[in-house]
Amino acid sequence: MPKSLPFLKRASLTRHLVAQKLFKIMEDKQSNLAVAIDTTSPEQLLELADKLGPELCVVKTHVDILDHFTPDIVKTLRTLADKHRFLIFEDRKFADIGHTVSHQFRGGIYQISEWADLINAHGVPGPGLIAALKGSGLLLIAEMSSQGTLATGSYTRKIVEMGDAHKDCVMGYISLRKLSKDPGMIHFTPGVKWEEGQDSLGQRYRTLDEILIKNKSDVIIVGRDITHAADPKHQAALYREKAWNAHVKAC
Ligand code: 5BU
């Protein structure tokens, strides 16, 4: 298996500004850890983002699960992102025709384009939605962590073809492993715990060594194993250290 290149080297191999920024943050903070803060409480989201911020390269949000929303919430999150140098990834999973997606991205209550550094989309509708999502760094969902996912085989290959053909917008993939041969593309993998397993609704978990060393992905996305830990800050610090060591080993 060929070795991966260091992130700083890879920053020079992409023209995508958000990808360059993320590679540099990862190298500076020695963090390839993204945390999914899946809470319904905006106060808790901000509190955890502030507390865990120093350990992370990315905070992943689901803004539509918050039990109330005001623009101040994302404004504060942006302040925290600048304070701790992490990127904000709104896991909206866009999946419609370009015209609709454009409204969902720029308009509505959330105005995602105003505050999200990273967003993601399914490739099911075809490349029309990619052009509509220009602005933030776009990750295409090539594979999913859930049991019985249909995103496999030729579908996955076509997503990577589509993404690699639109490098001005697409900066990487959500996947279970490294898929693109382009070192400028960044792979994010959810479904991470210290031990393999499942939750009761089809989420499948693998270990970070399996994901980063064996499957050569770049960034792990950890949710409940950090946010629901007895001491989330300590757990995030541990994940950061172990994920970074795994990355160094993979290089
Ligand atoms: P968990 O608590 O570590 O299971 O959270 C995983 C997060 O990643 C959660 O926010 C999901 O919505 C998200 N996710 C995922 O689990 N699997 C996928 O394939 C994709 C996103 Br795409």
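Around the ligand there are 14 residues, of which Asp38, Ser145, Gln203, Tyr205 and Arg224 come nearest; a residue is near a molecule if one of its heavy atoms lies within 4 Å of it. This is a predicted model, in which local features need pLDDT of at least 70, side-chain atom pairs count only at pLDDT 80 or more, and totals for chains, interfaces and linings use all residues. Residues are numbered from 1 along each chain as its sequence is written, and side-chain values use heavy atoms, with hydrogens and water left out.

The shell around the ligand consists of five nonpolar, four polar and five charged residues. In this classification Ala, Val, Leu, Ile, Met, Phe, Trp, Tyr, Cys and Pro are nonpolar, Asp, Glu, Lys and Arg are charged, and the others, Gly among them, are polar.

I turn to polar contacts, meaning pairs of N or O atoms within 3.5 Å. An N or O atom in the side chain of Arg224 is 2.7 Å from an oxygen atom of the ligand. For the side chain of Lys60, the corresponding distance from an N or O atom to a ligand oxygen is 2.8 Å. Gly223 takes part through its backbone, with a polar atom 2.9 Å from an oxygen atom of the ligand. The ligand taken alone exposes 500 Å², and the protein buries 90% of that; these areas come from the Shrake-Rupley method with a 1.4 Å probe.

Which space does the ligand take? It is the largest pocket. A pocket is an open set of points on a 1 Å grid over the protein atoms alone, with protein on both sides within 12 Å along at least five of seven lines, and its lining residues have an atom within 4 Å of a point. A molecule sits in a pocket if more than half of its atoms lie within 2 Å of its grid points.

The largest pocket has a volume of about 470 Å³. Its lining comprises 23 residues, with Lys60, His62, Asp91, Pro190 and Gln203 nearest the centre. Two or more lining residues come from each of the strands β3 (87-94) and β10 (219-222), and β3 gives the largest share, three residues. By class, the lining of this pocket divides into 10 nonpolar, seven polar and six charged residues.

How values were computed:
A polar contact is a pair of N or O atoms within 3.5 Å; within protein, one must be able to donate a hydrogen and the other to accept it, and residues adjacent in sequence count only if both atoms are side-chain atoms. On a 1 Å grid over the protein atoms alone, a cavity is a set of points where a 1.4 Å probe fits but cannot get out, and a pocket is an open set with protein on both sides within 12 Å along at least five of seven lines; lining residues have an atom within 4 Å of a point. Grid points are joined across faces, edges and corners, and a volume is the space filled by probe spheres set on the points. Helices (H or I, at least four residues) and strands (E, at least two) are DSSP runs, numbered from the N terminus.
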